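Please consult the sequence and structure shown here while reading.

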Amino acid sequence: MSAHDHAAPAPAPIEVPAAPFAGGRSLMIGAAALAVVGLLLTGFGAMSAPRETAFGYLFAFVYWCGIPVASLILLQIWHAANARWPVALRRVVETLAASVGIMAVLFIPIALSMRHLFVWLTPSSLPADEAANVAHKAAYLNGPFFLVRAAIYFAVWIILSQLLRGWSLRQDKDPDERYTLSSRRLGAGALPLSALTITFASFDWLMSLDPIYGSTIWGLYYWAGSFIGALALLILALRFGRERQVFGSAISLEHLHSLGMFLFAFTCFWAYMAYSQGMLNWIANLPHETRFYLLRAQGGWKPLGYALIVLHFAVPFFVMLSRQLKRRPALLSIVAAYMLCVHALDLYWVVLPNLGGGAAPHWTAFTAFFGIGGAFIAFALFRQRGLPVIPLGDPYLEQSLRYLQP
């Protein structure tokens, strides 16, 4: 028997699509139509119920805006860690992150409806002790500075996402390692800036709905939930793109398995943040902290809070313990879609109690949710069409294609 007979078989060739992405047209048009209808209906709702519509719109906005920002932070983490396994799927993350620009436009209705959302703009409507507390914070909580801060947040996110995506696209045509080094430096160097901006955005857009309440880990709570949303949407995009041969054979079960592990990890991290925040507020027993939970312990908000413990943590925790589930794209995508739904339930529980009244949603919460979501998805597909779906010039692409989950 010759030595040739003992040689290991050559690895199967991996198909990497080099042609620009030309699909997704029907989905893009459908999402754009959904955006137009949803946002128009939301506008009509604002004429008859401006306050209810403003809160429903804010809920939808913070949900969808968190996904591209979390995608940007995920992209920076991968660059900072010099991670090689996710190179093949990085272009999708770059596109999600770069779609934050549409959210800057969709922030305009929030700027126009601020007085319906934030009581610190009308402190005279508050009890005397609370009005004094708000007056003490007026240097930060005031309309002009609120808008300036929002502009800074979006400027940071747009600039960072465009730079990282731009270098990656240039590397497709000019496979020079300097683009990889630039992305690594920017990813690591600007990571604290991204963390600070999403933290202060969560303070401004969510925590300041009750200007008396304060939590030192509020930013981590919002970021953890947004990270779950970004990972879940990424899994769905990769799974359906993989089925339609959008990525050739570049995206493997190993990649999806690792993303499933990320989703499981951040589900646990979200639960830890939620528990830590609640436990610390309960132990301290300070009126300005417990008011957040007292408001949500009334009416239909109480069972919704208990449902979050079960649906957002207990159920996905035990389901995602399975290794086999994370290696079956159909089942993993079902879990990902489920996590997108319970993440929406979480933010609904955070935002809408400040409106007052029961837990039943106003119909504009649905129109705003689908309108903003449709605009985001249509814009992301528009940004991706005509460009390669794989970072073809990355020097570590081959290692990513041959990645095996440990």
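The paragraphs below treat the pockets and then the cavities.

This is a predicted model, in which local features need pLDDT of at least 70, side-chain atom pairs count only at pLDDT 80 or more, and totals for chains, interfaces and linings use all residues. Residues are numbered from 1 along each chain as its sequence is written, and side-chain values use heavy atoms, without hydrogens and water.

Of its 39 lining residues, Leu27, Leu233, Leu236, Ala237 and Ile377 are the closest to its centre. The helix α18 provides the largest share of this lining, 11 residues; helices are DSSP runs (H or I, at least four residues) numbered from the N terminus.

The second largest pocket has a volume of about 570 Å³. Among its 21 lining residues, Ala274, Tyr293, Gly305, Ile309 and Trp349 lie closest to the centre, and α13 (253-284) gives the most, with nine residues.

Two cavities of 30 Å³ or more are also present, a cavity being a set of points where a 1.4 Å probe fits but cannot get out. The largest has a volume of about 140 Å³, and His79, Ala83, Arg90, Thr180 and Asp394 lie nearest its centre. The second largest cavity has about 70 Å³, and its lining includes Trp218, Phe292 and Arg296.

Key: On a 1 Å grid over the protein atoms alone, a cavity is a set of points where a 1.4 Å probe fits but cannot get out, and a pocket is an open set with protein on both sides within 12 Å along at least five of seven lines; lining residues have an atom within 4 Å of a point. Grid points are joined across faces, edges and corners, and a volume is the space filled by probe spheres set on the points. Helices (H or I, at least four residues) and strands (E, at least two) are DSSP runs, numbered from the N terminus.
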